[in-house]
Amino acid sequence: MKIIILGAGQVGTSVAANLVSEANDITVVDHNPDLLRELQDRFDLRTVMGHGAHPDVLLRAGAEDADMIIAVTNSDETNMVACQVAYTLFHTPTKIARVRAPSFLEQPKLFSSDALPIDVAISPEALVTDYIIRLIENPGTLQVLDFAGGRIRLVAVKAYYGGPLVGQELRTLQERMPQVEARVAAIYRQDRAIQPEGDTVIEVDDEVFFLAAPVHIRAVMGELRRLDESYKRLIIAGGGNIGTRLAKALEQSFRVKIIERKLGHCKRIAETLEKTIVLHGDAADQDLLLEENIESTDVFCAVTNDDEANILSAMLAKRLGARKVMALINRASYVDLVQSGSIDIAISPQQATIGSLLKHVRRGDVVMVHSLRRGAAEAIEAIAHGDKISSKVVGRAVGDLKLPKGASIGALVRGDAVIIAHKDTLIESEDHVILFLQDKKRISEVERLFQVGVTFL
């Protein structure tokens, strides 16, 4: 596909890195020459310097025959106007805009062909908030990702010594829990992917990805580790968009405190929140944390705009006794550094966002993509179309499909029914098929399997 990306910031760079590796024709537009030079040094793509919403700049970027424009600059207004210009002057088929301000997002009528012709409005802040909420609602998880409208979830957990399934073959999971439908989709051992088979033995510290309906998640987790008690007390460091969204979503069910450095901002968010306690101060202030009983806090979540501040405050909170600490980290190089240390979960906004974009780039009818393992792996929800003659998957058993190496089908969603996939499970037309792909470079082989003729979404 020919794709124009507006904005060479962290989100734009992350999107470019993911898409350029899949043989797409990428052009990145930004007014900062240093960012563009850095991108050209790292990736095989074109760059154009200029304002992303200006018609002459879009023309130089190749908007006349572009398949898609992805506007992810730091300005909502620039992103929205760029989509309008691309639609009006160049008839660009797919237009995606990053929109951060809740006041825009709360007005869906704005994003239509007779208003602002934006096909998809993406809010990284909203996506990150949802991501963190799922982690808080499922104690002990490393990742919780929804498929088929939440009817089935992919969950990542670390196997601990003492878990009933640890040291056992995978096939014993079904024997121990005959009433629970679940499937282990992937195992990572010391960052090396292991294809799960019936005789695969789970070891201590394995990172295990499994698929299950939401009601069965805790039961399966209990086989891999001692279950964590539900969280009750939360401290959020940072009262920006994400911090305020988190507090608003959680304050009815949890005891929430926000620590914010700017006094004026404290006053504003205190007026919008009902039960949350808003504290003026520095989240890396040891005395403040002790005063607020950090040792009895279940989750400390650092979501300021400063990576270093998030890392330091989370490390301090952990040392002072917080049960679980999470830190929002934009720099990919920091994520690997901190997650192996005292920070329990490093949250990457780019990884939370990229899946929402990838599903619009995938060939075939792909309705959901989740980027995993810092972009190396993917979980995909694709819809099977056609019949046994026109499709390579419909009317065939899962075990008979020629899947690429490292790919596995974990489940099917047929209407309202969730079917955990076994080798003899037949795929029917209109089934939603949940696949796990250990190596994202094999994505084109999966796309070809699900195509009935070539279609772009």
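Over which residues does pLDDT stay under 50? I looked this up before anything else. The stretch is 453-457, and the model has 11 contacts (heavy atoms within 4.5 Å) beyond four places in sequence for it. Here pLDDT is the predictor's confidence in each residue, from 0 to 100. Over the protein chain the mean pLDDT is 88, and 98% of residues reach 70 or more.

Ground rules next. This is a predicted model, in which local features need pLDDT of at least 70, side-chain atom pairs count only at pLDDT 80 or more, and totals for chains, interfaces and linings use all residues. Residues are numbered from 1 along each chain as its sequence is written, and side-chain values use heavy atoms, with hydrogens and water left out.

I then checked UniProt; its positions use the numbering here, feature names are shortened, and annotations may be inferred rather than shown by experiment. The unreviewed entry places "domain: RCK N-terminal" on residues 1-122 and 231-347.

For secondary structure I used DSSP runs numbered from the N terminus: helices (H or I, at least four residues) and strands (E, at least two). Residues 1-122 are 38% helix and 22% strand, with end C-alpha atoms 20 Å apart. Residues 142-226 are 15% helix and 34% strand, and their end C-alpha atoms lie 14 Å apart.

**Second largest pocket.** I noted the grid terms: on a 1 Å grid over the protein atoms alone, a cavity is a set of points where a 1.4 Å probe fits but cannot get out, a pocket is an open set with protein on both sides within 12 Å along at least five of seven lines, and lining residues have an atom within 4 Å of a point. Points are joined across faces, edges and corners, and volume is the space filled by probe spheres set on them.

The pocket's volume is about 780 Å³. Of its 28 lining residues, Arg-183, Pro-196, Glu-197, Ala-421 and Lys-423 are the closest to its centre. Domain 2 and domain 4 each give at least three lining residues. S9 (182-189) is one of the elements supplying at least two, and its four residues are the largest share. The lining has 16 nonpolar, seven polar and five charged residues.

**Second largest cavity.** I found two cavities of 30 Å³ or more. Strand S5 (94-98) and helix H14 (349-358) each give two or more residues. S5 has the largest share, three.

Terms used: Nonpolar A, V, L, I, M, F, W, Y, C, P; charged D, E, K, R; others polar. Domains from an automatic or database assignment.
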